[in-house]
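Let's take a friendly walk through the aromatic side chains of this model. Have the viewer ready and follow along ring by ring.

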Amino acid sequence: MPERCQLVKYGRTYEGKDLQYLVITSKENLKRIEAIRQRNLALADSRATSVQRADEIAASAPAVVWLAYCVHGNEASPSDAAILTAYHLLADRSRATAEL
């Protein structure tokens, strides 16, 4: 399912390990993921985005959901849950999952 997901490196730990997140979305949204990211950032900054512009963005932009797993390095089960969640979102062919 590489056409519906993208692994993004966003930094490094103090031990030099990569910090990454996985984007899962539609093929169409993945093609414009940077524009979606920029619009989401605009919603977070009320100093630079008027209420009217925020309303326009919120009405037309896809929802962004951040699922954070493994906030502590010694936790094993959240990694398993993250992989299972990603697998489900990418492999399940049900209409309900596709709408997510």
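**Aromatic contacts**

Tryptophan 66 counts as exposed, at 60% relative accessibility. On this scale, exposed means over 50% relative accessible area, buried means under 20%, and partly exposed falls in between (1.4 Å probe, protein chains only). Before going further, note that this is a predicted model, where local features need pLDDT of at least 70, side-chain atom pairs count only at pLDDT 80 or more, and totals for chains, interfaces and linings use all residues. Residues are numbered from 1 along each chain as its sequence is written, and side-chain values use heavy atoms, with hydrogens and water left out.

Searching the whole structure turns up 2 aromatic pairs. In the pair of tyrosine 10 and tyrosine 21, the centres are 5.8 Å apart with 40° between the planes, a tilted arrangement. Rings of Phe, Tyr and Trp (its six-membered ring) pair if their centres lie within 6.5 Å; planes under 30 degrees apart count as stacked, over 60 as edge-to-face and the rest as tilted. Tyrosine 10 sits in strand β1 (residues 5–12) and tyrosine 21 in strand β2 (residues 18–24), so this pair ties together parts 11 residues apart in sequence. Strands (E, at least two residues) and helices (H or I, at least four) are DSSP runs, numbered from the N terminus.

Tyrosine 21 is partly exposed, at 25% relative accessibility. The rings of tyrosine 21 and tryptophan 66 have centres 5.6 Å apart and planes at 55°, so that pair is tilted. Tyr10, Tyr21 and Trp66 form one aromatic cluster.
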